[in-house]
Number of protein chains: 2
Amino acid sequence: MTLQHVILGMLRRGPKSGYDLNKQLETTIRFFWEADISRIYRSLRSMQEQGWVEFETVVQDDSPNKKVYSLTEQGRSELKRWLAEPGKPSGSNNPFLAQLHFSDAISIQEQLHVLTVRREEVLESLAELERRARLQDLPVPLPHDALEQGVTRDKFSLEYGVRRMRLELDWVENTIAVLRADIDVD
Amino acid sequence: MTLQHVILGMLRRGPKSGYDLNKQLETTIRFFWEADISRIYRSLRSMQEQGWVEFETVVQDDSPNKKVYSLTEQGRSELKRWLAEPGKPSGSNNPFLAQLHFSDAISIQEQLHVLTVRREEVLESLAELERRARLQDLPVPLPHDALEQGVTRDKFSLEYGVRRMRLELDWVENTIAVLRADIDVD
DNA sequence: CGCATATATATGCTAGCGCATATACTAGCG
DNA sequence: CGCTAGTATATGCGCTAGCATATATATGCG
């Protein structure tokens, strides 16, 4: 059900088409929410049936017609309800940790390979996130008068992402070092 | 598909019943993987049909009969294949960050409430994880000769959990401070 | 005896997800 | 003209998920 709420969130500032929503998902939102484009269109349909959004067909000459969706009163109040509701502790499943947990069933060399690939991925994510943070001139951690200085909500999630990737990097490198030390002993 | 692989992992040391597997999930595994018990039984069935596991019915006098599952050759090689395969970057959806990202649509007081509840949850998780880490006398970060000293894979994931919860706590408290500072200014 | 709890497995239902694929219009290039 | 790329929406399919519920045996308590 959460994708529908994320869509409500993206529509809070004004109307957008499914295509627009997908663009925004692929750029900003994807750091904390991923969704297939087919899901977006299906969600919009069921949200419309529920009365959370309504659409207007916009005729364009330079490209195909589009459906531009906007929040209804109902949709806006559902958004507020969701935002104010403390969610349950997201244990959120972590496939990578799952692999590592059982990895005594493969050789240390193979374990190191998995970890090394992971390290590369983390480095890429971190670089991308730090690039975004720099674009917004965002110090980590945020100073206490951040809001006063015009810092908005999306910087909170950006900061979270940066911190998390730094942690992951540190942890992966530490784990690799532990495994390497084990090889040297043999 | 990953729950099936997690089950393969749990069976790697020896046979277990669905009920046993659920117990282990609820205690150790749940920090990185959550699953409903009904899913476990259904997964076991399809794994058996695929030839990854086989079972033996064990008659008990003190409780109902049970089906004890063990890995087949095929199952063990599938486990190894999965463990050695570097997974794709788990962007893993984060409902809490999603909420926060759009939370300029509710009052700062409401935002603070959500964050405060989150802080309580994180404190609980952290306490539980640190209790487990202490039980295993696990320093964070792990020393480089950790494996030599008998440290096994599950301590890696435990350490990850502890670090992650500490980060979450720090970040939540920082975010709360930023919002509070904003109230004081008004 | 009745009742609760633990052990043990299983099904029905609905929703959600990702991947592949279909359809169609427009613009630009050669 | 044919081709590719971008814009735009939509459906089919199969798998995965969680929640509720059914069923059955054994133990312990009052």
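1. The surface near DNA strand D draws on both protein chains. From chain A, α2 (18–27), α3 and β3 (66–71) each supply at least two residues, and so do α1 (2–10) and α3 of chain B. Helices here are DSSP runs of H or I with at least four residues, strands are runs of E with at least two, and both are numbered from the N terminus. The top contributor is α3(A), with 4 residues.

2. A word on the model and its labels. This is a predicted model: local features need pLDDT of at least 70, side-chain atom pairs count only at pLDDT 80 or more, and totals for chains, interfaces and linings use all residues. Residues are numbered from 1 along each chain as its sequence is written, while chains are lettered from A and ligands numbered from 1 in the order in which they are written.

3. Nonpolar covers Ala, Val, Leu, Ile, Met, Phe, Trp, Tyr, Cys and Pro; charged covers Asp, Glu, Lys and Arg; the others, Gly among them, are polar.

4. Now DNA strand C. At least two residues each come from α1 (2–10) and α3 (37–50) of chain A, and from α2 (18–27), α3 (37–50) and β3 (66–71) of chain B. With 4 residues, α3(B) gives the most. The surface near DNA strand C divides into 8 nonpolar, 8 polar and 8 charged residues.

5. The two protein chains also meet. In chain B, 63 residues are in contact with 63 residues of chain A. Contact means that the C-beta atoms of two residues, placed from the backbone, lie within 7 Å. On the chain B side, α1, α4 (73–84), α5 (95–101), α6 (108–135) and α7 (153–185) each supply at least two residues. The largest share, 17 residues, comes from α7(B). This side has 31 nonpolar, 17 polar and 15 charged residues.

6. Chain B holds an open sheet. Its 3 strands lie in the order β1-β3-β2, with antiparallel pairing. Two strands pair if DSSP finds at least two bridges between them. Both β1 (16–17) and β2 (53–58) of chain B stand at the edges with a single partner strand each, so one side of each has no neighbour in the sheet. Between β2(B) and β3(B) there are 6 bridges. One pair to find on screen: Phe55(B) has Tyr69(B) in β3(B) as its bridge partner.

7. Chain A has 7 helices and 3 strands. Along the sequence they follow the pattern α-β-α-α-β-β-α-α-α-α. Of its 186 residues, 33% are buried. Buried means 20 or more other C-beta atoms within 10 Å of the residue's own; exposed means 12 or fewer; partly exposed lies in between; C-beta atoms are placed from the backbone. Take contacts in chain A between residues at least 6 apart in sequence: 58% join residues at least 24 apart.

8. Is Gly75(A) buried or exposed? Gly75(A) is buried, because 23 other C-beta atoms lie within 10 Å. Gly75(A) sits in helix α4 (residues 73–84) of chain A. Leaving out residues up to four places away in sequence, Gly75(A) touches Leu8(A), Trp52(A) and Val53(A).
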